[in-house]
Amino acid sequence: MNISEYDDDDIPNYKIIIVGRTQSGKTKFLTRYKFGSYNDDGVTTMGVDSLLIKTPKAKFSYYDTAGQ
């Protein structure tokens, strides 16, 4: 069965908020987690960025906040 065939109502939905100081590596952490690569170049997060990762057992919504 393909992941896209799963109904969102059938699996748990987790919302994770990443917080921390400015330029502490929050966005780089999520990029490494999702894509398995690290790039030292980047743009400062303005507001909130989101990332969705779906697996057959759960859906994870990550929210990457701007450091304050």
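**View 1. How the strands line up in the sheet.** Two strands count as a pair when DSSP finds at least two bridges between them. On that basis, this predicted model holds an open sheet of 3 strands in the order β1-β3-β2, with mixed pairing. β1 and β2 sit at the edges with a single partner strand each, so one side of each has no neighbour in the sheet. Ignoring direction, neighbouring strands here are turned by 15° against each other on average.

**View 2. Zooming in on β2 and β3.** How many bridges join β2 to β3? There are 7, and the two strands run antiparallel. To pick out one spot along the way, look for V48: its bridge partner in β3 is T65.

**View 3. The helix and the strands.** Here α1 lies across β1, β2 and β3. Its angle to β3 is about 155°.

View 4. Which residues make up the largest nonpolar core? It takes in 5 residues: I18, L30, L51, I53 and Y62. Now stay with I18 for a moment. Leaving aside residues up to four places away in sequence, I18 touches K26, L30, Y63, D64 and T65.

View 5. Find Q23 in the loop between β1 (13–18) and α1 (26–35). Most residues other than glycine have a negative phi. Q23 is not a glycine, yet its phi is positive, at about 60°. Is Q23 buried or exposed? Its relative accessibility is 70%, and because the cut-off for exposed is over 50%, Q23 counts as exposed.

View 6. P56 has its place in the loop between β2 (48–54) and β3 (59–65). With a relative accessibility of 41%, P56 counts as partly exposed, because that class lies between the 20% and 50% limits. How far apart in space are P56 and D10? Their C-alpha atoms are 9.6 Å apart, while 46 residues separate the two in sequence.

**View 7. Confidence along the chain.** The protein's mean pLDDT is 77, and 76% of its residues reach 70 or more. Among its elements, β1 has the highest mean pLDDT, at 88. The lowest belongs to β2, at 79.

Methods:
Residues are numbered from 1 along each chain as its sequence is written. This is a predicted model: local features need pLDDT of at least 70, side-chain atom pairs count only at pLDDT 80 or more; totals for chains, interfaces and linings use all residues. Side-chain values use heavy atoms; hydrogens and water are left out. Helices (H or I, at least four residues) and strands (E, at least two) are DSSP runs, numbered from the N terminus. Buried means under 20% relative accessible area, exposed over 50%, partly exposed in between (1.4 Å probe, protein chains only). Axes are lines fitted to C-alpha atoms, for helices over the stretch in contact, and angles run from 0 to 180 degrees between N-to-C directions. Contact means heavy atoms within 4.5 Å. pLDDT is the predictor's confidence in each residue, from 0 to 100. A nonpolar core is a set of buried Ala, Val, Leu, Ile, Met, Phe, Trp, Tyr and Cys residues joined through side-chain atoms within 4.5 Å.
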